[in-house]
Amino acid sequence: MTDQTAPKRGATQRPGLGEIVRRRPEIVTLTILVVICVAVAIINPNFLQPGSLIDMGRASVVTGLFALGVFAILAAGGIDVSFTAIAALTMYSLTSFVIGVAPGMPMGAIIAIAVVAGALLGAVNGLLVHGLRVPSLIVTIGTQYLFRGILLAFVGTVWLMELPPQMTAFGKAALFQFEGMNGVTVDLPAYFLIFPAVVALAWFLFDRTLMGRAIFATGGNPEVAARLGYGQRIVHVFVFGFAGALAGLAGIIHVSATRMANPFDLVGMEIEVIAAVVLGGARITGGTGSVLGTVAGVLLITVVNNTLVLVGIPSTWQRVVVGAFILLAAAFFVRRAPKPQKRKAE
């Protein structure tokens, strides 16, 4: 859902560029993305090689799944920094279980268990946020340490280098194969299809269901949303459970793609993922944003992370560039934010 300002009755004047950008901030993100892609392609034509594009597509899957979950929470007016801990706990525990107890478990069942386990851990966040009535940032910082502590203290700290064959096969399954100019064959992994499928599911959820309207209404103004009959407890549990489910799914994809389970993986991705969602047009104060904008933000972050080296900029500058994008996005979205007295549930 994006900003909607109802035109005055009888007005026939078309909205200007500034108004269009204010309503659809993802246009800015997409424009920046196109400009960067064109500039990098001119500087280094290898950017358009199938291998480079496939690497970026592969890298966008886990970040994209995390980002869609974070978008749901931001839209409801909260924030979450525990999703990487949920992914790490889910992926490592489930991989250990399959290796030691159920080596013949089908891949479909492994994915389903990861999604359910992640949803349950996320629901714990939702119950705590609603029950304790404290900012979600405080709650999720606490559960982030709690989940990581449980993983390292009770599950394991050793890298699992030998995955069950069904997980290895899932990570290696290819949709297409391309041969680069250097003769190296590059695969587009089959698990890439999961990301567009989840994008379609999220779009339907946020744009076509009552729960989607309840999430945006809660993020816009929780008091008004409650008076409209939207159950705040259900909304909080749902959005955090939704983010947890996507974190569990991202975790098991990450393990299968890297073909090893490292309990210390995924640490530090929180800021990058939140940045992608904010760059896509979601306000940190809730009530707005879109699935398309979130996808655009993920692609922008992925392209930036993968092209700096191609144009001769050291990879250590990635955080500088991402930080600059966050500052610019924050300045832009503050300027386009409506005045408080005019704010209402969308």
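# Chatting through a helical chain

Q: Where does Thr90 sit?
A: Thr90 is in helix H4. Helices here are DSSP runs of H or I with at least four residues, strands are E runs with at least two, and both are numbered from the N terminus.

Q: And what sort of model is this?
A: It's a predicted model, where local features need pLDDT of at least 70 and side-chain atom pairs count only at pLDDT 80 or more, while totals for chains, interfaces and linings use all residues. Residues are numbered from 1 along each chain as its sequence is written, and side-chain values use heavy atoms, with hydrogens and water left out.

Q: Back to Thr90, then: buried or exposed?
A: Thr90 counts as buried, at 5% relative accessibility. Buried means under 20% relative accessible area, exposed means over 50%, and partly exposed is in between, using a 1.4 Å probe and protein chains only.

Q: Which residues is Thr90 in contact with, leaving aside its neighbours within four places in sequence?
A: Those are Ala114, Ala117, Gly118, Leu121 and Gly248. Contact means heavy atoms within 4.5 Å.

Q: Is the crossing of H4 and H6 left-handed or right-handed?
A: Left-handed. The word applies if the near helix is turned anticlockwise from the far one by less than a right angle; clockwise would be right-handed.

Q: Which residues meet there?
A: From H4 you have Thr84, Ala85, Ile86, Ala88, Leu89, Tyr92 and Ser93, and from H6 Gln144, Phe147, Arg148, Ile150, Leu151 and Val155. By class, the H4 and H6 contact holds 9 nonpolar, 3 polar and 1 charged. Ala, Val, Leu, Ile, Met, Phe, Trp, Tyr, Cys and Pro count as nonpolar, Asp, Glu, Lys and Arg as charged, and the others, Gly among them, as polar.

Q: New pair. How do the axes of H5 and H7 cross?
A: H5 (residues 107-132) and H7 (residues 165-172) have axes that come within 9 Å and cross at roughly 85°. So H5 is roughly perpendicular to H7. In that contact, Met107, Ile110 and Ile111 of H5 meet Gln166, Met167 and Phe170 of H7. The residues divide into 5 nonpolar, 1 polar and no charged.

Q: And what about H3 with H9?
A: The axes of H3 (residues 50-75) and H9 (residues 210-220) come within 7 Å, crossing at roughly 55°. That makes H3 oblique to H9. Phe71, Ala72 and Ala75 of H3 make the contact with Ile215, Phe216 and Gly219 of H9.

Q: How many residues does H11 have?
A: H11 (residues 232-258) has 27 residues, and it reaches 39 Å from its first C-alpha to its last, close to the 39 Å expected at 1.5 Å a residue. The expected span is 1.5 Å times one less than the number of residues. In H11, 21 of the 27 residues are buried, so this helix is largely enclosed by the rest of the structure.

Q: What follows H11?
A: Arg259, with a positive phi near 60°. It's in the loop between H11 and H12, and it's partly exposed, with a relative accessible area of 39%.

Q: What is the phi of Arg133?
A: Arg133 also has a phi near 60°, a positive value in a residue other than glycine. Most residues other than glycine have a negative phi. Arg133 is in the loop between H5 and H6, and it's exposed at 62% relative accessible area.

Q: How many residues of H12 are buried?
A: 8 of the 10 residues in H12 (residues 270-279) are buried, so H12 is largely enclosed by the rest of the structure. Among them are Glu270 and Val273. Just after H12, Gly281 takes a positive phi of about 110°.

Q: Last one: how many helices and strands does the chain have?
A: There are 14 helices and 2 strands. Buried residues make up 49% of the 346 in the chain.

Technical notes
Axes fitted to C-alpha atoms, helices over the stretch in contact; angles between N-to-C directions. Parallel < 35°, antiparallel > 145°, perpendicular 65-115°, else oblique.
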